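Please read the points below with the model open beside them.

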Amino acid sequence: SLRMLAARSCCCRYWSHRHHETLRKSNVLRAQSLLRQLKWTGQQATTIPNANAPPSTSVTAIQSRFQNRFQSRFQFQQQWFTTATPFVKTWMTMKNRLVVSTPLGSFQSRQWEEAKQLLAALRTHPQISSLPNRVELQWQILDRLHGEMTATKYNTNSHCLPFHILRGVLLSWRDSVFSISSGEKHNRHTSANNNTLTVLHKVERYMNDALFEPSPMPYNLILHVLAKVEDPQQAPFRGQEIVKSMLERSHFNPNNTFHHPDNVTIYGLAELWARSGLPESPQRVEELLQQLQGWRDETKDSKRFPITSNILCAVMEAHGKASDPTVAYQRIQELVQQLKALRPQDDAQDSTHYNRACHALVTCRHDQGLEAARTILDEMCRAVLEGGGCNNTSRRIKPTQHTFSIFIAAYGRAGRLREAQALLDYMGQMAEEAGDSSLIPGIVCHSSLIWAYARAGEAKQAEAVMIRMMNANRKDHGKGRQQPGFSTQDMDAWNGVLASWADSGDVDAAKNIAKIIDNLQKQSQSAGGIAGSVMLSSSTYNRLLGCYTRQNDLSAAEELHGWMLEQSDNSTARPDSQSYLSMIIGSADAGNAEASEMWLNRLCDQIQEGALPFSIDQECFNVVIGAWSKSVNPAAAERATAVFQRMVAIGIDPDVVSYSSLIWAWARSKSRHSVQTTLDLLQRMLQEWETGNTSVKPNHVTFNGVLWAMLHSGVDGDLAKASTIVRQMEALGIKKTAAIYTTLMNLELKRCRPDRVEFVIEEMKSAFEAGDSSLEPFARNVFVTHLQAWSKAGNPEKTESVLSEWIVNERAPKPTTQDFNAVLQAWLRSKRPNAAEKAEAGLAQMKQMVESHGFDCRPDLYSFTTVISCYAQSDNPECGHIAYSLLREVLEHETARADMKPNLVTYAETLVALCRTRMDIRRAENAAAHILRALRSKDFMLLSDGNKRLLGKVESSLSKSPFPQKDGFLDQLNLKKEAAKKMAEHRNEDHRDA
């Protein structure tokens with residue numbers, strides 16, 4: 001009984017058509033004959049009615065033939081759906097028999113007919129066409145028919161399939177690919193044959209072996225699919241290969257209607273180039289336009305090779321995206337005139353083409369582009385107002401909501417918000433004058449204006465526009481023109497308002513967003529949900545979540561996320577991947593790498609449990625790895641590596657940001673393996689890039705991380721490897737940035753090679769003068785590194801020269817106290833006989849520069865201590881007295897300035913200088929006694945390694961001094977050391993107790 005019912009349903013479906021009322025008697029008789037055969041013999045439905053036969057009659061007419069069985073249409077449909085499963089099984093049994101059971105080479109005419117019927121059913125039948133693997137089944141059947149033809153070498157004329165069968169299969173494949181690429185479904189059955197190259201090879205085999213007649217249509221459809229699903233910058237090259245193959249098959253003969261490209265092919269390829277935005281795209285589309293004109297002139301066939309409005313628009317868009325602004329503006333203007341000239345000839349020309357022309361003008365980056373586009377809009381508006389919408393021209397080029405939204409968005413991007421608002425108001429006036437309600441500003445135009453205000457940071461204006469729109473909708477609803485509730489577009493506009501508040505930086509932004517969401521919830525509940533569309537979704541709540549995280553209010557963000565998580569499983573307000581990403585980013589921005597990784601783990605758990613789709617990408621992991629790279633946690637590098645490894649384990653390919661962040665995590669670590677680890681990661685990136693993975697090509701951030709690791713390793717061998725890394729970077733064509741130059745200067749500084757530091761600085765200056773404005777050769781850090789290089793080399797003349805150059809440079813910030821101290825340190829390191837006097841002169845210069853030029857270079861404790869240290873190693877007979885006078889000057893400023901409190905180095909170096917004096921010994925001895933008494937009241941950490949060496953130096957100097965009381969001085973010094981030792985022991989006990 002189920003087979004009989006399925007057969008009846010099949011007959012009613014395939015021998016009828018909803019849109020035709022004429023009855024074909026022969027088809028009905030055939031259907032009734034099949035029913036009688038099945039009813040009396042009970043055999044299986046091995047013969048399925050022809051799905052491609054001409055339509056017989058309406059569903060109502062067919063039902064009247066079986067009114068004894070089905071009393072009403074409702075009962076008929078109910079029986080239809082009840083028998084869906086066995087019905088599908090019947091078709092699938094036939095498919096298996098055709099594809100699997102029947103031996104290759106044994107097909108007869110009946111099997112060919114069944115295959116055609118099954119292909120048609122897989123395309124159009126409401127139950128079979130909904131099978132998840134229907135596209136794969138269609139390809140299997142075509143492959144079997146192709147194999148049958150090649151195996152038996154049938155007469156190609158008798159078994160060449162109608163072309164509409166191939167067209168139906170290709171349309172099914174196109175729809176499946178589009179649904180998968182848009183995220184509507186994830187079908188594991190169609191993945192094998194979704195590749196455009198695979199489909200192209202299949203189609204070419206079919207046509208080569210005469211399964212179908214050759215035609216440009218399959219190629220045109222594949223070009224259309226390329227435009228939707230392929231990488232925009234790779235698609236035109238694949239399209240170029242397809243067109244080249246067509247030309248070769250036609251032997252470059254445009255009269256070959258079977259293989260040669262037609263105008264649809266040229267338009268498809270031009271669209272690919274226009275979408276790509278590649279620099280060469282304008283030239284390529286111009287060549288295609290000339291090629292099409294040449295074919296038309298050669299064949300005199302204006303029907304196959306017409307210059308259509310679509311092709312002109314593709315050329316405009318290519319120029320608008322990639323040409324020089326002036327060139328693009330002039331060429332688009334020329335093409336607009338051609339477009340207008342085509343209006344009487346091209347019946348398909350409508351407002352869509354003028355919308356594309358306007359969009360090309362407003363995106364060409366020319367100063368007059370927007371005004372030229374506005375001229376086109378004004379012409380379209382005049383045609384409507386003057387024609388009243390009655391003539392053909394005014395109807396065809398009437399501006400639409402999309403037309404006005406293009407200009408409102410363009411005015412918004414240009415910051416001309418008043419003109420955007422004025423254009424919206426003009427739409428309302430025009431609708432009244434023309435009596436055309438379709439011109440009343442709708443949600444699309446209001447949404448464009450709202451987002452224009454949002455991008456300008458005008459949150460209050462964006463909200464005001466939204467409120468006006470909602471009030472207008474209520475009035476229209478009262479007049480019966482609109483339905484109550486919200487639509488998806490309404491929510492897009494509200495999201496624009498929420499985004500404007502979230503990005504405004506206003507302290508009350510979060511409160512305003514929460515208030516708006518609360519009002520939306522109330523309206524949703526009062527209307528019983530958002531009428532006819534969607535409920536408040538997670539994207540709406542994510543705006544508030546993002547605002548909380550940007551304001552570092554993580555507690556409020558966690559509370560909101562927790563509320564979203566408590567919603568029912570079928571609620572659209574539950575957290576999605578973007579919700580978790582907001583928490584990941586917020587925690588990372590707050591410097592909490594631990595919390596950032598926790599939110600990442602929760603997201604991965606949700607995906608693994610099936611609560612969320614697999615929508616995670618590199619960004620989530622990169623944020624966490626970056627957070628660990630900036631963390632002070634001793635195990636930060638290891639934690640970043642663990643996150644990196646988890647990303648790879650779940651099948652997400654790391655990109656250059658992933659690798660660079662991990663390299664910086666190791667570069668900032670104190671691990672002794674940091675340099676080798678960064679080198680290994682760099683080598684891994686280069687290997688993957690050389691095998692074709694362009695997303696991991698190292699950049700300047702990557703190389704700077706490796707150089708940074710070498711800079712902080714402290715190992716001479718690691719420092720020497722820097723030159724190799726620089727050569728690798730230059731071989732890849734990566735320019736040195738200001739950060740890389742700084743790292744290279746510090747590397748040479750650490751290796752005590754001031755001449756190489758100068759070489760790097762000169763190279764940076766040359767690159768800057770050559771036009772690289774991103775470099776900063778006169779930045780403060782450049783001069784500081786230059787000063788320190790010569791200062792640490794003990795070359796005071798060079799250090800003074802660099803400082804003098806800095807002082808007179810008007811583009812550089814003025815040097816400070818620390819920079820003048822570098823000169824004093826250079827004299828100290830030089831150990832020249834006159835170093836103390838030169839250092840003291842430098843100290844006097846610092847005081848003079850403060851008074852005469854207003855420099856921020858007032859001498860500090862480090863300045864005085866450096867000069868005192870110079871006298872501590874000087875042979876000047878009065879070195880002790882000069883050092884002591886400098887100490888007294890420091891003590892005079894001790895109470896007034898926090899940076900002038902003397903430390904142990906200051907006292908110790910003064911004592912050493914006093915011990916070296918050879919004039920007025922008694923005065924020097926009194927000064928030493930005064931210093932020792934001062935040391936008793938000071939709580940210095942005397943037992944550090946540096947202080948021990950310093951006290952050893954003082955003790956040695958006292959023992960060699962000419963002071964009569966030097967033994968007493970030594971005893972006092974030893975008492976101070978013992979007291980410091982006991983104090984240190986007490987502190988150690990306290991630490992142990994703690």
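Predicted model: local features only at pLDDT ≥ 70, side-chain atom pairs only at ≥ 80, totals over all residues.

1. Residues are numbered from 1 along each chain as its sequence is written, and side-chain values use heavy atoms, with hydrogens and water left out.

2. Helix α32 (residues 656-667) packs against helix α34 (residues 700-711) at an angle of about 15 degrees, the axes lying 8 Å apart; helices here are DSSP runs of H or I with at least four residues, numbered from the N terminus. Axes are lines fitted to C-alpha atoms over the stretch in contact, with angles running from 0 to 180 degrees between N-to-C directions. The two helices are therefore roughly parallel, a term that covers angles under 35 degrees.

3. The contact (heavy atoms within 4.5 Å) involves V656, S660, I663, W664 and A667 of α32, and V701, T702, N704, G705, V706, W708 and A709 of α34. These residues divide into eight nonpolar, four polar and no charged, where Gly is counted among the polar ones.

4. Q240 sits in helix α12 (residues 235-249) and, at 29% relative accessibility, counts as partly exposed, that is, between buried (under 20%) and exposed (over 50%), using a 1.4 Å probe and protein chains only.

5. Leaving aside neighbours within four places in sequence, Q240 is in contact with L269, W273 and R284. The C-alpha atoms of Q240 and L269, which are 29 residues apart along the chain, are separated by 7.0 Å.

Methods: Parallel < 35°, antiparallel > 145°, perpendicular 65-115°, else oblique.
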